[in-house]
Each structure stands twice: as structure tokens, then as C-alpha cells.
Amino acid sequence: MSAKEIATLHYELLMENNRNEWLKTFRKYHREIADRYGSSPDLYWRTGRKYVDELGYSYTFKNVDKEAEERVRFYFHRLNREGKPQGSGQVPINLIKDKDDQDEWRVDVASW
């Protein structure tokens with residue numbers, strides 16, 4: 001999958017409440033520590049689900065910010081229940097080609 005497809009899938013799976021598949025969008029290192037309380041994936045999941053469940057947020061692709069051969073940053077719109085931008089209205093997500101996962105594009109850092 002392309003970096004954009006993985007980034008989009010990452011937020012779609014969060015909104016669908018599919019943690020098992022959502023974890024697969026992360027680089028291998030993050031998947032291995034995902035069940036540790038306070039790890040990046042644990043924090044991203046708990047915070048993201050709170051935003052979706054309690055606040056009704058959704059996420060849609062906005063644009064590419066920075067792109068390099070092995071690293072890319074995208075921005076997503078964070079929308080409230082009415083479909084209007086919430087907060088700054090833009091949420092960054094960084095992907096890398098994961099050397100530990102056959103150079104597949106994977107999430108390194110995400111935001112909510």
C-alpha cells in the first residue's frame with residue numbers, strides 16, 4: 001500500500017473501532033509495545049477513541065506536508081459532529097518505510 005493509503009486506513013480503522021487491524025498500520029517497533037500502558041500506540045488509541053466516541057470527531061485526508069524517499073508527513077482534517085474543522089483543524093501523521101517490516105510504509109507518529 002502507498003503511504004497515503006496506510007495513513008488513511010489508520011484513521012478509518014480508528015473510527016471503525018478496529019484496534020487489531022489499526023495496529024498493523026504502525027511500524028513493527030510500535031506494534032511490539034502497543035499493549036504497554038502509556039506507549040505511543042496505547043495513548044493514540046485511547047485518546048483517538050475518546051475523540052470519536054465522546055466528541056463525535058472524524059478524520060479525512062487534507063494534504064501532503066513533507067515528502068522524502070523514506071519518510072512522509074500528511075495532514076488530516078479533524079471534523080466535529082457537524083462536519084466542521086475542530087481545533088486547528090489539521091492533524092499531522094508521519095510515516096516511514098519500516099526497515100523491520102520489508103520497507104513497507106508504516107505509521108511512526110500520529111496525532112489526534
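**Salt bridges in the predicted model**

Asp-53 and Arg-49 are both located in helix α4, which covers residues 40-55, and are separated by 4 residues, or about one turn of the helix. In this predicted model, the two side chains form a salt bridge, with 2.4 Å between the closest N and O atoms. Arg-49 has a relative accessibility of 9% and therefore counts as buried, the cut-off being under 20%. The pair in helix α4 belongs to a structure that holds 11 salt bridges.

A salt bridge is also formed by Asp-101 and Arg-106, whose closest N and O atoms are 2.9 Å apart. Both of these residues, Asp-101 and Arg-106, are buried. Salt bridges with shared partners also occur, joining Arg-27, Arg-71 and Asp-108 into one network.

Asp-65 is paired with Arg-73 in a further salt bridge, and here the closest N and O atoms lie 3.3 Å apart. The relative accessible area of Asp-65 is 34%, and the relative accessibility of Arg-73 is 25%. Partly exposed residues fall between the limits of under 20% for buried and over 50% for exposed, so Asp-65 is classed as partly exposed, and Arg-73 is likewise classed as partly exposed.

Terms used
Residues are numbered from 1 along each chain as its sequence is written. This is a predicted model: local features need pLDDT of at least 70, side-chain atom pairs count only at pLDDT 80 or more; totals for chains, interfaces and linings use all residues. Side-chain values use heavy atoms; hydrogens and water are left out. A salt bridge is a side-chain nitrogen of Lys or Arg within 4 Å of a carboxyl oxygen of Asp or Glu. Helices (H or I, at least four residues) and strands (E, at least two) are DSSP runs, numbered from the N terminus. Buried means under 20% relative accessible area, exposed over 50%, partly exposed in between (1.4 Å probe, protein chains only).
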